[in-house]
Amino acid sequence: MKRSLGVCYYPEHWPEAQWAEDAARMAALGLTWVRIGEFAWGLMEPVEASYDWGWLDRAIETLGAAGLKVVLGTPTATPPRWMLNKHPDMIALDRDGKPRGFGSRRHYCFSHRPYRAECARIVTAMAERYGKNRHVAAWQTDNEYACHDTVLSYSQAATQAFRDWCAQKYQSPQALNRAWGNVFWSMDYASFDEIALPNLTVTEANPAHVMAHRRFASDEVVSFNRLQVEILRKHSTAPISHNYMGQITDFDHFDVGADLDIAAWDAYPLGFLSDRLAATPAHKHRFVRQGDPDFQAFHHDLYRAVGRGRWWVMEQQPGPVNWAPWNPDPLPGMARLWAWEAFAHGAEAVCYFRWRQAPFAQEQMHAGMLRPDSVAAPAYHEAGQVAQELAQMPDVGTARAQVGLVFDYASAWAWETQPQGRDYSYFRQVFETYRGLRRLGLNVDILPPDTADLSAYPIVLAPGVATMSEPLLAALAVHQGQSLIGPRSNSKTADFAIPLPLPPNLPNLKATVARVESLPPDVPVPLTLGGNFLHWREKIETSAQVLETTTDGWPALIAARGLQYLAGWPDEAALSRILQQLCHKAGIETDPLPEGLRRRDTETHQFLFNYNAVEVEWGGKIIPAAGVLWQKLP
Ligand code: GAL
């Protein structure tokens with residue numbers, strides 16, 4: 001398959017007279033895709049039930065006539081103002097019960113059934129009109145579910161939908177009371193109608209209640225999306241995607257992805273580094289104009305799994321963004337490097353966001369491929385270079401990795417619900433593991449939590465999976481390779497209680513987590529072989545083989561055949577050592593990389609990505625600052 005480039009474009013922001021020239025420039029640059037439409041409900045339906053498709057017909061025709069393929073977005077992230085007159089209660093309420101008002105975007109509650117009906121109506125109208133349009137070659141549903149913290153809503157609509165969800169799941173209030181342990185503080189319910197959402201309680205709500213609410217809220221995103229997908233499929237055979245985000249775990253992306261053909265995500269490396277990455281100031285300083293060397297790759301691998309192999313970058317940062325605490329200019333070369341890194345991880349397409357910087361409204365400080373005056377900005381030239389390189393490049397394929405790393409959204413909710421130590425973050429735990437693997441030069445596949453077949457992976461890791469699924473446990477029981485599970489893995493039931501017998505309850509491993517402790521970051525638990533546990537450690541009683549201990553005499557790493565259990569959160573040194581031993585046992589060579597240099601092998605090529613601001617030498621090769629190097633594998 002040929003990899004391709006694209007761009008996000010808003011014809012409605014520019015005079016119609018400019019569209020043809022824009023389209024011609026896009027095509028001349030070597031772009032294939034143009035995503036449009038996702039915020040244009042107000043123009044598609046300026047007045048209720050009175051549609052204006054003329055401008056969109058002409059925009060699609062103009063782009064298509066230039067040879068571009070259109071990704072058409074459904075506009076449900078931006079309901080027009082009249083919608084709120086009609087449905088004043090469709091907006092979400094925040095945790096404090098305050099309404100989230102009009103004047104930006106995503107001002108809707110996923111649970112509001114009449115709003116869903118409005119979405120079905122506009123999506124039906126679009127699908128009927130453009131489902132057979134020869135230029136519309138893909139769809140995008142809505143835009144960035146969960147963006148701006150919009151999954152959890154405490155509205156009346158959400159309350160009612162949650163009650164229905166609980167009734168479906170537990171069948172009787174008595175069963176729910178038992179499952180949640182409501183006897184604890186006289187929290188029993190006599191009817192489902194008595195159940196409220198878990199906000200505004202005097203102190204902490206029952207974690208089982210909170211966890212049920214998180215599962216419910218995720219299911220609401222899934223059914224909201226499915227409604228649109230079912231309509232689009234009736235009228236169109238073009239693939240359907242959604243654009244997910246970075247480090248957002250508020251709904252189960254695997255569940256949403258199961259209904260879609262392509263998982264796309266929006267990659268803003270410098271925004272993420274500044275805004276959400278947990279890292280030292282020195283690290284953020286070093287990579288301020290390049291982005292974190294593992295953050296993009298992690299999401300590429302995650303969304304390859306969410307898309308069951310088919311994934312895109314729908315929005316690629318082209319220059320400074322507007323929304324992070326600080327918004328630096330990428331180093332020359334990074335807009336190219338980011339695109340190539342995505343292709344090396346198997347992306348079908350990379351679309352830059354956006355074509356031309358808008359001189360008005362919220363994102364006027366957000367760079368595009370063009371300046372507001374239509375002069376080319378740096379990303380324009382870098383995208384052109386990538387387009388030329390792609391044209392000369394045979395397909396690079398996607399290789400299967402040596403390591404499978406389980407990622408589980410429900411575990412992110414579980415440890416947010418009950419962190420037990422203030423800095424316990426599931427995302428961080430998995431991401432640090434991923435980073436440790438990549439530092440050793442390894443290729444990683446992310447695995448969904450119900451993976452039933454691990455036979456392709458010599459190494460499997462599953463840190464912090466709160467409730468391990470039956471298929472995963474069964475797969476581990478017959479796994480021939482090495483696996484590293486823990487800490488905190490399999491330590492809750494699906495209804496958020498401590499299981500009996502006590503965790504970890506892993507195949508063939510005779511071990512009991514007798515006690516856990518969380519610790520402030522400046523209180524390490526040293527390991528006898530070097531490095532420390534940080535944040536979290538477990539005291540284990542076991543008759544299994546003890547591979548390592550803490551200096552205070554507790555088992556730190558235990559094993560039963562190829563399965564190892566880690567009894568704490570390892571720091572960088574400990575993780576690196578443990579991973580290298582694991583690789584050694586699995587017969588995999590490791591090759592620690594210089595800081596900021598990363599490697600990805602495909603079926604045919606080895607790629608090297610230098611996230612440093614200076615050139616790096618490795619394996620006899622010089623990789624320029626912010627540069628990419630590839631060579632054919634023997
Ligand atoms: C994304 C969003 C785009 C735009 C962009 C700016 O989160 O999907 O519409 O706002 O960020 O970086």
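S218 is buried, with a relative accessible area of 1%; buried means under 20% relative accessible area, exposed over 50%, and partly exposed in between, with a 1.4 Å probe and protein chains only. The model is a predicted one, in which local features need pLDDT of at least 70 and side-chain atom pairs count only at pLDDT 80 or more, while totals for chains, interfaces and linings use all residues. Residues are numbered from 1 along each chain as its sequence is written, and side-chain values use heavy atoms, with hydrogens and water left out.

S218 sits in helix α8 (residues 207–235). Helices (H or I, at least four residues) and strands (E, at least two) are DSSP runs, numbered from the N terminus. The side chain of S218 reaches the backbone nitrogen of D252 at 2.8 Å. Such a polar contact is a pair of N or O atoms within 3.5 Å; within protein, one must be able to donate a hydrogen and the other to accept it, and residues adjacent in sequence count only if both atoms are side-chain atoms. Not counting residues up to four places away in sequence, S218 touches F251, D252 and W413. Contact here means heavy atoms within 4.5 Å.

The buried residues are Y409, A410, S411, A412, W413, A414, W415 and T417. They pack against α8, α9 (253–257), α12 (295–306) and α16 (426–439).

The axes of α8 and α15 come within 10 Å and cross at roughly 145°. Axes are lines fitted to C-alpha atoms, for helices over the stretch in contact, and angles run from 0 to 180 degrees between N-to-C directions. The crossing of α8 past α15 is right-handed. A crossing is left-handed if the near helix is turned anticlockwise from the far one by less than a right angle, and right-handed if clockwise. On the α8 side, P207, V210, M211, R214, R215 and S218 take part; they meet A410, W413, A414, E416 and T417 of α15. The residues of this contact divide into six nonpolar, two polar and three charged. Ala, Val, Leu, Ile, Met, Phe, Trp, Tyr, Cys and Pro count as nonpolar, Asp, Glu, Lys and Arg as charged, and the others, Gly among them, as polar.

The next element is a sheet. Seven strands form an open sheet with mixed pairing, in the order β10-β9-β11-β12-β18-β17-β16. Two strands pair if DSSP finds at least two bridges between them. β10 (444–447) and β16 (545–549) stand at the edges with a single partner strand each, so one side of each is left without a neighbour in the sheet. From one strand to the next, the twist averages 20°. Strands β9 (residues 403–406) and β10 run parallel and are joined by four bridges. L405 has I446 in β10 as its bridge partner. Helix α18 (residues 572–586) lies across β11 (459–462), β12 (482–485), β16, β17 (555–560) and β18 (563–566). The helix runs at about 155° to β12.

Q402 is found in the loop between α14 (378–392) and β9. This residue is partly exposed, with a relative accessible area of 25%. The side chain of Q402 reaches the backbone nitrogen of N443 at 3.2 Å. Q402 and L442 are 40 residues apart along the chain, and their C-alpha atoms are separated by 7.1 Å. Beyond residues up to four places away in sequence, Q402 touches L442, N443, Y457, P458, I459 and I588.

A further open sheet has three strands in the order β20-β21-β24, with antiparallel pairing. Its edge strands, β20 (597–601) and β24 (628–632), each pair on one side only. Neighbouring strands of this sheet are turned by 15° against each other on average, direction ignored. Five bridges pair β20 with β21 in the antiparallel sense. In this pairing, L597 stands opposite N610 in β21. Helix α13 (residues 334–344) packs on the sheet and touches β20, β21 and β24. The direction of α13 makes about 145° with that of β21.

Q606 belongs to strand β21 (residues 605–610). Q606 is buried, with a relative accessible area of 9%. Leaving aside neighbours within four places in sequence, Q606 is in contact with R599, R600, D601, W618, L629, W630, Q631 and L633. Q606 and A344 are 262 residues apart along the chain, yet their C-alpha atoms are separated by 8.6 Å.
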